[in-house]
Amino acid sequence: MLQILIYGAVISSIYALLAVGFTLVFGVARILNLAHGAFYALGAYGVYTLTANVHLPLWLAAIVAVVLVGLLGVLIERVLVRPLRRSMLAVLLITLAVALMIEQVLLLAFGSEARNVPSLVDVTYHLLGVDISGQRLFALAGGIVVLAGLWSFLQFTRLGSAILAVSQDAEAAQYMGIPSDRMYSIVMGMSAGMAAAAGVLVAPFQSVIPSMGLLPLVKAFAIVVVGGLGSIAGSVVGALLLGFSETIIAFKISIEWSQIVSVAAVLVTLVLRPAGFFGKRAAF
Amino acid sequence: MTGDRIDWIGALGALALLVVIPLIFGSSYIIGVMTVALCYGMWAASWDFMSGLTGRENFGHSLFIGAGAYTAGFLDVNFGLSPWWSLLAAPLVAVLFGILMGFPTLRLRGPYFALAMLSGSAVMQNLTIIFSVYTGGQDGLNGLTPLLDSTLAQYYLTLGFLAASGVLLRLIANSPWGLILRAIRGDEATCQAAGINVNFYKIASLMISAAVAGLGGALYAHYQLQVGPDLFTVVLSINIIIMVYVGGIGSIYGPIGGALLLNVLTETLRGLSEYRLWVYTLVLVVILFFLPQGAIAPLWRRIRRVLP
Amino acid sequence: MSALLQVEGLNKHFGGLHAVRDVSFSLQRGSITGVLGPNGAGKTTMFNLLSGFIRPDSGTVLFDGSPLVGLAPHQIVNCGVARTFQLARPFAGMTVLENVEVACLARRVRHSGAPRARAAALLDQVGLGSQADNEVDVLPYGDLRRLEIARALATRPSLLLLDEPFAGLGAGEVGPLADLIRALHKSEGLTILLIEHKLREFMQLVHEIIAMDFGEIIAVGSAAEIVRHPRVIEAYLGADDPVLELG
């Protein structure tokens with residue numbers, strides 16, 4: 001029982017990091033970033049390379065990895081996405097292309113064997129008769145910290161309020177003199193950074209393989225559809241729902257059944273309420 | 001000569017070429033590659049018929065392919081029926097899936113429709129793994145019986161079905177039906193105001209698309225002699241969409257050409273298996289940035305203009 | 001003679017907004033009636049209710065004795081009620097001829113002559129014959145309005161609903177379009193209901209005017225009567241549009 005609670009919370013926290021970034025990019029820039037999972041993978045591989053090859057201390061490697069992936073996100077938005085903005089399908093396919101290319105690069109550079117990333121917190125706690133790895137708790141805490149940081153940023157800074165304004169009404173924001181184009185790059189960078197942070201936090205206990213970004217992308221996507229594209233609160237709630245239902249089903253029934261929850265939820269949501277259950281307006 | 005006449009003559013020429021190729025390059029490896037390419041041709045043409053004409057892009061086309069293939073698998077492996085029954089049953093089962101997915105998604109616009117269809121195929125993919133007792137799980141079903149004894153005969157059989165379905169789809173596309181489907185792409189509300197039962201045509205075109213895709217799935221299954229959950233993947237759906245875009249969306253014959261071209265291309269690069277994905281993504285980028293109308297259909301139209 | 005269209009107690013809410021309030025009126029065969037009202041008066045919503053694009057919360061619509069409420073838009077078209085849209089959205093990527101040809105495929109008219117030939121004839125009738133093979137995307141705005149009318153006529157309607165046919169037209173284009181509508185009314189024996197929010201535009205055209213404001217009918221009468229009606233004057237006072245100029 002406690003195990004379900006903890007595991008569910010950890011996975012929800014990671015899902016929330018991924019989903020909020022995904023929905024932010026959609027809400028502000030109106031793009032479905034299929035490279036989101038690739039950023040997650042790059043975060044994990046980044047921290048691996050920086051510790052194993054560049055020999056940075058783990059905490060520094062983590063920060064550097066997140067920042068670098070964030071910058072990559074900005075670059076991709078400026079160079080590849082912006083010229084194609086007129087067509088949603090084109091943007092979708094170009095982010096797909098980026099995702100595939102990144103996966104290929106990782107495969108070529110690191111091979112398909114799982115890589116080992118050392119844990120930041122190497123302690124195993126023993127609570128109420130259950131073993132819980134300290135790293136998982138750290139991931140949970142890390143996720144919460146990042147999300148809290150994002151929330152404060154959006155609420156209390158000028159840039160953050162501007163981003164929130166654009167996500168609510170891009171045209172109106174432009175009339176008020178907020179440069180939407182720059183917003184898009186910044187949000188993309190933030191989103192990529194958050195995905196990378198998720199990758200960094202889970203790297204010690206998840207398999208670090210080139211294709212590791214696919215499933216998280218699917219999950220993030222499902223959460224965002226159910227929660228409402230563009231709704232941050234919806235993403236958090238959705239992340240909790242998915243994280244816990246997957247954990248409960250995985251423990252009680254089977255792992256295979258737990259994997260169907262996300263895609264089934266998407267289908268049901270689209271048929272019943274395409275705008276998502278917490279979203280305020282239709283996204284498309 | 002009217003544009004249409006030239007099209008049919010061109011198609012006949014392409015068909016003749018496809019008939020002759022295996023006689024020239026006799027190796028069963030090449031015939032095998034071509035047979036698979038022909039199946040992709042059926043999948044691409046069927047996708048184009050619905051999504052290309054109505055503009056409702058279906059990102060879950062693999063649902064119909066897998067449905068047809070697994071039907072063939074079940075009938076053959078689990079029930080021991082002659083493989084010819086698959087060719088009848090597979091399209092029907094695929095149509096059933098088309099109806100199942102089609103009705104709930106009727107009112108969904110563009111991206112929502114695409115996503116709903118995509119999640120449909122993903123759900124089936126998961127179900128296939130969950131019920132591995134019946135479906136063979138990740139390993140799928142093996143040991144299907146081929147339809148005919150020689151690979152060459154199978155090739156011609158598949159070619160026959162591709163030609164027949166291509167002709168059928170093209171005829172429908174050129175008929176008043178096709179006009180209505182294109183009008184649905186133009187504007188649904190205006191279409192209704194023109195007295196057209198839009199929902200009927202949406203469902204009908206999805207059913208026809210599903211039938212041809214399912215038939216292709218069965219032919220593929222009885223050629224590969226195995227079916228697996230990879231036939232329900234998003235990757236398959238996207239690959240087919242890329243082939244359609246390369247060929248020229250909306251033309252029916254263009255996507256067939258695109259399917260043949262990309263299959264041959266990736267086979268010739270088989271040695272560099274790590275780079276295959278690069279090829280696809282490169283093609284994707286080129287099409288998106290430089291050739292949004294595709295390559296094959298526009299090329300053919302240019303040739304046609306020069307002819308007498 | 002019974003009315004061609006009988007509307008009784010039509011109501012529609014959008015959330016808290018009562019967009020159409022207890023609207024009742026009838027149209028006699030062969031009449032041309034105008035619906036006048038400022039923006040937001042509920043005119044287009046009423047059209048959408050009549051043509052089946054929106055379902056009313058309550059009320060009945062009888063067309064030639066048959067109820068229309070609950071029918072899908074295409075079914076209503078096939079009963080003989082056609083409409084145009086305020087913002088014409090033609091079938092992009094198709095030719096002008098094909099745009100009308102689609103409407104010739106409606107069940108009501110599918111077998112009354114070769115669709116393509118009928119479509120060509122209709123284009124001639126509205127004065128677009130020379131544009132038949134052009135892509136509809138390059139059609140100038142004024143011609144798009146004519147195309148809308150041709151498309152609506154293709155379904156051989158008995159009742160034609162025109163939603164702001166003169167909107168956005170230049171001064172020189174209004175007259176010819178009004179002439180066209182008048183000619184079609186005579187040649188096709190149509191009953192016409194048309195929306196405009198500028199009185200001047202349709203004063204010469206219509207037999208009777210229904211004035212609406214805030215979703216309800218505030219006056220019905222001839223143009224001369226409407227202009228003098230106290231509630232109408234009150235509704236339009238302060239509108240920056242010189243609605244009441246008869247010039």
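Reader: How far apart do the C-alpha centres of domain 1 of chain C and domain 2 of chain C lie?

Author: In this predicted model, the C-alpha centres of the two domains of chain C lie 24 Å apart. The domain assignment gives domain 1 as 1-80 + 158-247 and domain 2 as 87-156.

Reader: What makes domain 1 of chain C and domain 2 of chain C count as being in contact?

Author: Residues are in contact if their C-beta atoms, placed from the backbone, lie within 7 Å. The contact takes 11 residues from domain 1 of chain C and 11 residues from domain 2 of chain C, so the two domains are described as touching. On the side of domain 1, H2 and helix H6 (171-188) of chain C each give two or more residues, and H6(C) gives the most, with 5 residues. By class, that side has 7 nonpolar, 2 polar and 2 charged residues.

Reader: Which elements give two or more residues to the side of chain C that touches chain B?

Author: This contact takes 24 residues from chain C and 17 residues from chain B. Helix H2 (73-79) and helix H3 (96-103) of chain C are the elements in question. The side of chain C comprises 13 nonpolar, 4 polar and 7 charged residues.

Reader: How do the residues of the side of chain A that touches chain B divide by class?

Author: Chain A and chain B each give 24 residues to their contact. Helix H4 (88-110) and helix H11 (255-272) of chain A each supply at least two residues of chain A's side. That side divides into 21 nonpolar, 2 polar and 1 charged.

Notes
Residues numbered from 1 in each chain as written. Chains lettered and ligands numbered in written order. Predicted model: local features only at pLDDT ≥ 70, side-chain atom pairs only at ≥ 80, totals over all residues. Helix = DSSP H or I, 4+ residues; strand = E, 2+ residues; numbered from the N terminus. Nonpolar A, V, L, I, M, F, W, Y, C, P; charged D, E, K, R; others polar. Domains from an automatic or database assignment.
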